[in-house]
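The exercises below are meant to be worked through with the sequence and the three-dimensional view side by side. Try each task before reading its solution.

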Amino acid sequence: MLSSILKTSSSTIQRSTPFVRRAFSTQFPALQRVAGVETVKNYINGKFTESKTDKWIELYNPASQDLIGYVPETTPEELREATKTAAAAAKEWKKTTVLARQRVMMDLQYLIRQKQDAIAENIVQEQGKTFADAKGDVFRGLQVVEQACALTSLLMGEKLTVAKDMETYMYREPLGVVAGICPFNFPAMIPLWMFPLAIAAGNSIIMKPSERDPGALMMLAKLAAEAGVPDGVLNVVHGSVDCVNYICDEPEIKAISFVGSDKAGEHIYTRGNANGKRVQANLGAKNHAVLLPDANKQAALNAIAGAAFGAAGQRCMALSTLVCVGETKDWMPELAQRARELKVGYGMDPDTDVGPLITVQSKKRVERLIQSGVDEGADLILDGRGVVVKGFEKGNFVGPSLLTNVKTNMECYREEIFGPVLVCLNVDTLDEAIELINKNPYGNGTAVFTNSGPSARKFEHEIDVGQVGINVPIPVPVPPFSFTGSRGSILGDMNFYGKSGLNFYTKPKTVTSLWKESDSEHTRAAVSMPTMH
Ligand code: NAD
């Protein structure tokens with residue numbers, strides 16, 4: 001359910017057009033909306049208002065395929081209004097003190113904590129993940145708001161006496177208007193990577209949630225207003241390619257934070273940079289774990305199953321690839337047994353471990369990639385295709401699936417599957433495992449399971465991946481560290497959250513001042529550059 005703030009009193013009763021969401025299209029068919037189905041609002045200048053657009057994107061519950069909302073393609077006029085209002089707000093917001101902005105963040109973290117369950121429930125309805133996992137989605141974002149509560153220390157400047165009576169000091173200033181473009185898989189966490197730090201740093205921001213699950217961000221925007229974020233400082237617009245291109249081209253927007261797929265990220269990075277913007281873009285992944293024979297078998301297999309199949313594999317840090325060293329390939333039937341025991345179902349069912357995939361197309365794509373593995377010679381020792389959930393027969397469910405004896409040239413290895421599918425490869429040594437992982441273009445996350453300190457140390461030092469887990473399957477650092485995916489998983493060199501996150505949303509200014517005690521004694525102009533201090 002969308003929250004009540006998103007409701008509209010749609011009165012037109014029209015037939016529903018069979019329409020498959022087309023996130024990559026710039027053209028939406030003239031959609032006849034079904035009466036009583038809620039529309040998602042724009043949030044501009046502190047007001048939730050119905051878009052005047054005639055282009056609407058249908059929003060479905062992925063577990064039931066029920067139509068639960070319409071997302072507007074925010075019109076160019078509305079986008080310009082959002083920008084104008086954000087630019088005006090940024091000028092005033094910048095003048096507030098760091099202490100005042102910090103207090104707003106403290107109130108925001110309190111309000112999010114109060115509403116954590118309601119936001120999580122919205123995520124279950126729109127995104128499909130389990131309620132427990134959705135609460136984690138909110139919680140991991142909340143940690144960034146908590147970081148923003150340490151703003152006074154984080155934004156502390158620097159000062160040095162550089163010559164007699166002369167001082168240089170440096171402090172960081174906001175950029176002005178910035179923008180955030182979000183993916184579907186973490187509807188709360190990823191917006192919370194973006195707007196709290198941007199606002200705390202003194203910017204205003206235009207956020208565009210995924211058109212597949214905008215509800216969590218809409219709820220967060222309402223909480224931000226309650227916490228004291230002034231009108232126009234946080235704005236939310238909607239849509240897909242047209243809206244994104246506007247953000248890339250609008251000169252008033254100085255920086256873009258993007259998280260999502262390679263295709264969209266490369267486009268946004270290139271177009272944003274060409275327009276002189278600072279862009280941080282976190283992209284796709286293929287995260288490998290290495291299983292060594294000296295690992296604690298039970299703990300490792302449980303960790304691997306949880307990280308591969310949790311959130312139906314729709315995490316950028318999902319553990320999607322297992323590299324079995326030596327005899328550990330013989331542990332795969334046991335891993336398959338653990339995966340088989342995971343319950344596929346509706347996210348609000350407390351027994352559910354694995355929810356649905358986001359769309360019908362995602363389900364088809366994942367099923368096709370499983371089949372491609374079989375066709376190319378891998379062994380499908382657990383097949384999650386064809387799973388039917390009672391009461392949710394139309395849902396986009398795929399159960400945990402395990403492909404073994406996979407080779408690096410197979411499509412199921414080369415592609416980011418983004419579903420509950422673990423592909424397993426075999427090597428003889430840790431050196432071979434490291435070489436295999438370093439050859440993969442992605443560098444988001446990796447893990448090693450071992451009881452050997454020397455093996456762990458070797459892995460840590462020789463692996464060329466930005467986030468490394470040692471007996472930790474999903475090594476996403478909490479703030480004050482940053483999210484440090486590397487190589488093909490990132491464009492730009494400024495990471496999300498942590499110190500780097502704050503640096504992204506600010507620019508340094510240095511001031512050098514001279515207040516001579518003996519000014520009155522000056523009789524002659526100095527023309528040479530100083531040689532001594
Ligand atoms: P997506 O790229 O389809 O969508 C992300 C955003 O880009 C959306 O707001 C969408 O409207 C917009 N968009 C989509 N196609 C576009 C195009 N052609 N031109 C301009 N804008 C476009 O991604 P998704 O399917 O929502 O998310 C899943 C992807 O995100 C996976 O690849 C996953 O690995 C990645 N991801 C990465 C991280 C990370 O930190 N590295 C975190 C989460 C998700």
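**Exercise 1.** Find which residue stands opposite L291 in β18, and then describe how the strands are arranged around this pair.

*Solution.* Begin with the pair itself: L291 stands opposite F449 in β18, where strands (E, at least two residues) and helices (H or I, at least four) are DSSP runs numbered from the N terminus. This is a predicted model, in which local features need pLDDT of at least 70 and side-chain atom pairs count only at pLDDT 80 or more, while totals for chains, interfaces and linings use all residues. Residues are numbered from 1 along each chain as its sequence is written, and side-chain values use heavy atoms, with hydrogens and water left out.

Next, look at the strands: β12 (residues 287-291) and β18 (residues 446-449) pair in the parallel sense over 4 bridges, pairing being counted if DSSP finds at least two bridges between two strands.

Contact here means heavy atoms within 4.5 Å, and axes are lines fitted to C-alpha atoms, for helices over the stretch in contact, with angles running from 0 to 180 degrees between N-to-C directions.

**Exercise 2.** Determine at what angle α2 and α7 pack, and which residues make the contact.

*Solution.* Helix α2 (residues 98-114) and helix α7 (residues 215-227) have axes 8 Å apart and an angle of about 135 degrees between them. The two helices are therefore oblique to each other, since angles under 35 degrees count as roughly parallel, over 145 as roughly antiparallel, 65 to 115 as roughly perpendicular and the rest as oblique. On the α2 side the contact is made by V104, D107, L108, L111 and I112, and on the α7 side by L220, L223, A224, E226 and A227. Sorted by class, this contact has 8 nonpolar, no polar and 2 charged residues, with Ala, Val, Leu, Ile, Met, Phe, Trp, Tyr, Cys and Pro counted as nonpolar, Asp, Glu, Lys and Arg as charged, and the others, Gly among them, as polar.

**Exercise 3.** Work out how α4 and α6 are oriented.

*Solution.* Helix α4 (residues 131-148) and helix α6 (residues 189-200) pack at about 15 degrees, with their axes 8 Å apart, and they are therefore roughly parallel to each other. Among the residues that meet are V138, L142 and V145 in α4 and L192, W193 and L197 in α6. By class, the contact has 11 nonpolar, 2 polar and 2 charged residues.

**Exercise 4.** Locate P480 and N45, and describe the backbone at each.

*Solution.* P480 is found in the loop between β19 and β20 (486-487), and the peptide bond that leads from P479 to P480 is cis, with omega near 15 degrees. N45 lies in the loop between β1 (42-44) and β2 (47-49), and its phi is near 55 degrees, a positive value in a residue other than glycine.
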